[in-house]
Each structure stands twice: as structure tokens, then as C-alpha cells.
Amino acid sequence: MAFRFNFFIDENENNEPDTNDKMDLQLCSPKQKQESAEKSKQAADTVADSSLRPGTDKHQDETPSKKKLCLKAAKEHNIPDDLNKVLENKVLETVSDLYYINMSAVEMTCLDGGDEEGIVSKSVSSHSDLIPGVYEGGLKIWECTFDLKEYLSEAEIEFTNKTVLDLGCGAGLLGIVALRGKAEKVHFQDYNSTVIDKITLPNVVANCRNESSKGGSGDRKTSKPPLKRPRKAECLPDVLTKCRFFSGGWSEVSQLLLSSNKPFSKYDIILTSETIYNPDYYSALHDTLAQLLDRNGRVYLASKAHYFGVGGGIYLFEKFIEERNVFRSSIVKIIDKGLQRCIMEMAFKDSR
């Protein structure tokens with residue numbers, strides 16, 4: 001039986017692939033930011049109580065439920081000694097000058113019993129990229145990941161000798177950017193262990209190989225290059241020793257890190273994208289950031305203005321932050337193409 005299941009790049013609000021050669025990205029002036037923010041807040045308020053839920057064609061009048069979810073225990077994933085096995089039977093593609101594992105082969109492997117969590121089959125059967133408490137979308141590269149990647153480059157965010165957390169990492173592209181920027185340590189966290197083992201870790205290995213062992217290069221906005229079988233994983237010295245990989249809920253991973261016998265330094269930079277779609281998770285996310293961020297550290301968060309069908313969004317989270325009175329925040333970039341997307345910077349109120 002044949003089936004089609006797309007994991008790769010997020011689609012626009014019309015469920016059509018984004019085929020433009022250049023995304024409309026700009027750093028926003030205070031006036032632009034205020035006008036655009038006011039417009040989006042009004043739109044978000046209008047739809048907040050009548051958002052379409054995924055997989056339905058009827059409007060819902062109630063706000064998202066506050067039911068308590070059974071979250072996954074935290075687990076640290078060891079890096080295999082034989083890195084060639086990590087890339088065994090994998091096919092590489094390139095996106096925004098980064099290597100990533102082609103999901104078609106991974107998908108079939110998971111459906112053939114290579115997915116202990118069963119998230120691929122559950123996602124297929126439910127026709128959803130999000131199953132709260134079960135699968136949180138890590139098998140897909142979401143649109144805001146590229147927004148944040150571009151902002152980090154435009155703003156010349158310095159990673160050298162910094163400790164970095166890619167929170168809700170999925171494919172791990174943001175953490176890989178930090179590795180390339182000579183970060184001292186980079187940790188990756190995703191809710192699902194399948195995502196870490198089958199996607200994140202292989203992507204990190206693929207991007208840490210010597211240039212001589214890599215294939216060609218490509219770009220998100222150009223035609224995809226031919227798929228390539230990776231050569232032997234001749235990783236650059238000490239790169240993977242900088243990395244740790246974790247799966248599980250945010251609160252559980254935070255507790256694991258803070259109670260571990262292994263040395264742990266709080267993060268100078270936390271990168272996170274498309275993680276505020278569900279207001280039910282705001283408290284856990286906020287507390288995790290407060291517990292793991294260095295006193296003078298920064299959080300860079302990418303999000304859509306509003307997530308239809310789930311209820312979250314950048315302005316709702318901004319209000320949540322204000323009410324908690326722990327962090328100061330500012331929206332440093334707005335992307336107005338299609339459904340509005342934003343980059344937020346966060347820091348402790350008493351930080352430098």
C-alpha cells in the first residue's frame with residue numbers, strides 16, 4: 001500500500017509550498033514593528049476563539065483545553081562509537097547550506113518497526129503533525145527555523161565559546177549553526193526519542209564531517225540537488241564531544257540536567273523555534289528557560305503570530321512573559337509575508 005506523508009518544509013497558510021525565490025525578510029523599525037504588531041494582535045484576538053482545529057472544517061468556539069498531559073521522562077542519548085552506523089542507509093539533502101537526512105527512507109524504516117514510540121504511524125493515522133503528549137512535530141522542519149537562522153546571521157549573534165541549547169530541536173539545524181559558529185558546547189533537546197536518534201543525531205554527524213567527505217552544496221530556495229549517499233563519517237576532531245542529546249518533556253530534561261552528576265553550566269544562548277503553539281505548555285517552557293538560562297544569557301525564539309487550531313502565538317506568549325515578570329522581551333524582527341512570523345529576544349530583567 002502506498003502512502004504520502006510530507007515531513008520536510010513547513011507550508012504557508014494556504015497549504016501550498018513556498019516557491020518564491022526570496023522570502024520577504026526585514027529587520028523592523030520601531031514604527032513598523034508597532035504597526036505590524038497592532039495589526040496582528042487585532043487579527044489574533046478576532047480568531048482566538050474560532051480557530052480551525054487541524055483535520056476539521058468546523059469552527060470551534062471554545063479556547064484550547066487545559067487538560068494535563070502525561071509528559072515523557074527525560075533521557076540522555078549516547079553518541080555511538082561507530083559514527084558510520086549513524087549515517088548507514090541514510091540519504092542526505094541540503095537546505096540553507098546545511099545537510100539534513102532525507103525523511104522518506106527514515107519514514108519507511110520507522111513504519112517497518114524502527115520507531116519504538118510509534119510516532120510515524122500515529123501521525124499518519126491521525127493525519128496530524130501534532131499529537132499532544134505523544135508527538136510534537138519534530139519530524140518536520142518548520143518554517144520559523146529558517147527565519148531564526150537568517151536572523152542569527154543578520155544580527156551577527158556571536159557563538160564563539162558560548163554554551164548553547166537548541167530547545168525543541170527537531171532536525172537540530174539551529175544547534176548545528178551554533179556548532180559552526182564555534183560554540184563551546186551545544187545541547188539538543190526534543191520531546192521524542194525517535195526524533196533524536198533518527199533525525200537530530202544523524203544531521204549533526206552529517207554536518208560535522210570533513211569537507212572532503214561531503215558531497216555538493218545546495219540551498220533552500222534552489223532546486224534540490226541529487227540525493228547523495230554519505231561517505232564515511234570522518235568527523236572533525238572534538239566536534240561531537242561538544243554535543244549532548246536529550247529527549248523528554250522540558251521540565252523533565254531541566255530536572256535531569258540540574259540533578260546530574262555530570263558538570264553542567266547554564267546556557268549563554270537558548271535557541272527555540274515553533275515551540276509556543278500550545279498555551280498549555282507556556283508554564284513549563286517559561287520555567288525551563290528560567291532554570292537553564294545563564295543570568296546574563298539570551299533566548300532567541302521564533303514563532304508565528306498566531307497558531308490556528310491550537311491557540312498559541314507570539315503575542316499571547318509575550319503577555320504571559322509580562323505577567324510572570326521574570327524576563328524582559330522584545331520582538332526584534334517581523335516577517336510579514338503570509339501569516340506573520342516574529343523573532344523574540346528574551347533576557348532576565350536584572351541581566352546586563
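Why does Trp 250 count as buried? Its relative accessibility is 13%, so Trp 250 counts as buried, the term buried standing for under 20% relative accessible area, with exposed over 50% and partly exposed in between (1.4 Å probe, protein chains only).

## Basis of the values

This is a predicted model, in which local features need pLDDT of at least 70 and side-chain atom pairs count only at pLDDT 80 or more, while totals for chains, interfaces and linings use all residues. Residues are numbered from 1 along each chain as its sequence is written, and side-chain values use heavy atoms, with hydrogens and water left out.

## Aromatic pairs

The structure holds ten aromatic pairs, where rings of Phe, Tyr and Trp (its six-membered ring) pair if their centres lie within 6.5 Å, and planes under 30 degrees apart count as stacked, over 60 as edge-to-face and the rest as tilted. Phe 188 and Phe 245 form a stacked pair, because their ring centres are 5.1 Å apart and their planes stand at 10 degrees. This pair links distant parts of the chain, with Phe 188 in strand E6 (residues 185-190) and Phe 245 in strand E7 (residues 243-247), 57 residues apart; both Phe 188 and Phe 245 are buried.

Trp 250 and Tyr 281 form an edge-to-face pair, at 6.3 Å centre to centre and with 90 degrees between the planes. Tyr 281, at 10% relative accessibility, counts as buried, and ring pairs link Trp 250, Tyr 277, Tyr 281 and Tyr 307 into a cluster.

## Charges over rings

Lys 140 lies over the face of Trp 142, at 4.6 Å from the ring centre, and Arg 295 lies over the face of Phe 348, at 3.9 Å from the ring centre. A charge sits over a ring if NZ of Lys or CZ of Arg is within 6 Å of the ring centre and within 35 degrees of the ring normal.

Key
Helix = DSSP H or I, 4+ residues; strand = E, 2+ residues; numbered from the N terminus.
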